[in-house]
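Look over the model before reading on.

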Amino acid sequence: MNFQARQKRFGLDYDACFDRALAQLHDERRYRVFADLERLAGRFPHAIWHCPQGPREVVIWCSNDYLGMAQHPKVVGALVDAATRMGTGAGGTRNIAGTNHPLIELEHELASLHGKEAALVFTSGYVSNETGISTIAKLLPNCLLLSDALNHNSMIEGVRKAGTDKVIWRHNDVGHLEQLLRAADPDRPKLILCESLYSMDGDVAPLHKICDLAERYGALTYVDEVHAVGMYGAHGGGITERDGAASRVDIIEGTLAKAFGCLGGYFAAKANLIDAVRSYAPGFIFTTALPPAICAAATAAIRHLKTSQWERDRHQDRAARLKSVLHTARLPVMPSDTHIVPVHVGDPEKCKQASDLLLTEHGIYIQPINYPTVPRGQERLRITPSPYHDDALIDRLAEAMIEVWKRTGLA
């Protein structure tokens, strides 16, 4: 019995449910459209956009491959070499198939990067947060989770799946955090959750003040560094390294998919915590491991960025120049002390329209950021320059945005 026949027989209209859900997204201007892009290794940030009219070259301005490491010869070479020697897949979960040796080397490299006893790698940063937070909380009897109001969805899901009490503290407001800690039972296990660098606004958490409170009230600290690892600190250890807070933070979570140009998530901490999560976390135990080639590539990226400062210096230089040029053009650049360059739009339809015009008329790809990623009224274009966006590309972007702002009535 086919799908339509089943619907008719039982009086169920599954199609209508899906159609209503999609219609609601369209009505709210929240329907997501994914561009068909073919990145060009060696020519980043240039790519081929496979649009309905045929292939067309565009410039990517919103990639999280912040340093262009996905095309670095050392990273690509390590991947090709490992795939040639060991094949493409991991063969299953680490429990069933064993742990491929490049994955062991990667975890040692990550532990060293953050100055921790051990690290554990997951299939993505989303999984490391969702699984890590929920598992740690369940291992701490009657744990109280204290989560920053702007934490990423993956952290929110980790808190939800923990099934324990939670309180939300106002974004980066350590005064409010202290009120909540003071109100909690002093003998109760507590876990403070925050990001080091928030990717939509580009602001930074007051890590030392948070650690001061954790020490005063007997809490553990969990810091998401996904938008900072590789790009900040003398060796790419993130904001925790840059600010001298890595030794004070109990659990440092990060990704291999952004500045390191690969795939996967992880966190680093004391060896017994890592071992406990490894032994209890369903999102680790029952998931196929990362392939050896990906692990080898990630290790190559980490090792390179531990000793090479050029990418970090050039990245900050590009971000500063872009902000200066956009400010001079009187475009509404939102304040940011980091590499994130958000440009305020404030309307979902115009945000999508501006994005579409930049792509179709100017060959510039910047994805619109609408609700629920940001609050309604805070819609924006989120620009992330890389070391490879030269002066000419920056000037061209500013000129294109001026023209688009006029056409959409945003100017």
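Q: How much space lies in the largest cavity?
A: This is a predicted model. With a threshold of 30 Å³ or more, the count is 1 cavity. The space in the largest cavity comes to about 90 Å³.

Q: Which helix and which strand each supply at least two residues of the lining of the largest cavity?
A: The lining includes V121, F122, G283 and F284. Strand β4 spans 118-122, and helix α12 spans 282-285. Each supplies at least two lining residues, so by the DSSP runs the names are α12 and β4.

Q: How many residues of that lining are nonpolar, polar and charged?
A: R94 is among the lining residues, and Arg counts as charged. T93 and G283 also line the cavity; Gly is grouped with the polar residues. The lining divides into 6 nonpolar, 5 polar and 1 charged.

Q: Which element gives the most to the largest nonpolar core?
A: This core has 57 residues, and L106, I192 and L256 have the most contacts inside it. Elements that each supply at least two residues include α5 (101-114), β7 (190-195) and α13 (292-307). With 7 residues, the top contributor is α13.

Notes
Residues are numbered from 1 along each chain as its sequence is written. This is a predicted model: local features need pLDDT of at least 70, side-chain atom pairs count only at pLDDT 80 or more; totals for chains, interfaces and linings use all residues. Side-chain values use heavy atoms; hydrogens and water are left out. On a 1 Å grid over the protein atoms alone, a cavity is a set of points where a 1.4 Å probe fits but cannot get out, and a pocket is an open set with protein on both sides within 12 Å along at least five of seven lines; lining residues have an atom within 4 Å of a point. Grid points are joined across faces, edges and corners, and a volume is the space filled by probe spheres set on the points. Helices (H or I, at least four residues) and strands (E, at least two) are DSSP runs, numbered from the N terminus. A nonpolar core is a set of buried Ala, Val, Leu, Ile, Met, Phe, Trp, Tyr and Cys residues joined through side-chain atoms within 4.5 Å. Buried means under 20% relative accessible area, exposed over 50%, partly exposed in between (1.4 Å probe, protein chains only).
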